[in-house]
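Trainee: Please give me a close look at a single part of this model. Then set that part in its wider setting.

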Amino acid sequence: RAVLTFALVLFVGFASFGQDDKPVFKFVAETIDYGKIPLGSDGKRVFEFTNVGKSPLIITRVQASCGCTVPKKPDAPILPGETGKIEVSYDTKRPGGFSKAITIFSNAQSPRKMIKIKGFVEKVTAPEKKKSMLSDDS
């Protein structure tokens, strides 16, 4: 019985060995609420995070739950203490409510991290930008 207890303690010790050295995400917000937005408005939002771990954070892939959401990951590793951004663009030409998940794959302590966007696209279209009389656009 003592040998079994010792083996269990040894296994748990080795399983957690090195966990403290891995990078760790700390997001400003893990969910971005677009609120009510007009049809065709700007669907780009940015998730900001800090690597609060002890080694560089490498994001290998960022995947959205559907094709209406396009995420963009940082190209370079995020060093300890530095901040990074994940841009997310939602297709605002689809009226109605939405709630989408974005999964981040990385070398972090939790190798899969999920962030979310949500909101409601109204059927009213966004106002067009008026052309300035000073611009060359004719």
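**The disulfide and the strands**

Mentor: Cys66 is partly exposed, with a relative accessible area of 25%. Here buried means under 20% relative accessible area, exposed means over 50%, and partly exposed lies in between (1.4 Å probe, protein chains only). This is a predicted model, where local features need pLDDT of at least 70, side-chain atom pairs count only at pLDDT 80 or more, and totals for chains, interfaces and linings use all residues. Residues are numbered from 1 along each chain as its sequence is written, and side-chain values use heavy atoms, leaving out hydrogens and water.

Now the partner of Cys66. A disulfide joins Cys66 to Cys68, with 2.3 Å from S to S. The rule asks for a pair of cysteine sulfur atoms within 2.5 Å. By that rule the count is 1 disulfide. A disulfide is a covalent bond between the sulfur atoms of two cysteines. The torsion about the S-S bond of Cys66 and Cys68 is about -50°, so this disulfide is left-handed. Cys68 has 6% relative accessibility, so Cys68 counts as buried.

Next, the strands. The protein chain has 1 helix and 8 strands. These are DSSP runs, numbered from the N terminus: helices are H or I with at least four residues, strands are E with at least two. The order from the N terminus is α-β-β-β-β-β-β-β-β.

Strands pair if DSSP finds at least two bridges between them. Strand 3 (residues 44–51) and strand 6 (residues 83–90) run antiparallel and share 7 bridges. Thr50 has Thr83 in strand 6 as its bridge partner.

Now strand 7. Of the 11 residues in strand 7 (residues 96–106), 9 are buried, so the rest of the structure largely encloses this strand. Strand 4 (residues 59–64) runs antiparallel to strand 7, with 5 bridges between them. Arg61 stands opposite Phe105 in strand 7. Strand 8 (residues 112–125) also pairs with strand 7 in the antiparallel sense, over 10 bridges. There, Thr103 has Met114 in strand 8 as its bridge partner. Strands 7 and 8 form a hairpin with 5 residues between them.

Look into that loop. Ala108 lies between strand 7 and strand 8. Its relative accessible area is 4%, so Ala108 is buried. Beyond its neighbours within four places in sequence, Ala108 is in contact with Lys22, Pro23, Phe25 and Leu57. Contact means heavy atoms within 4.5 Å. Ile58 is 50 residues from Ala108 along the chain, yet their C-alpha atoms are separated by 7.6 Å.

Last, the whole chain. Of contacts between residues at least 6 apart in sequence, 67% join residues at least 24 apart. Buried residues make up 30% of the 138 residues.
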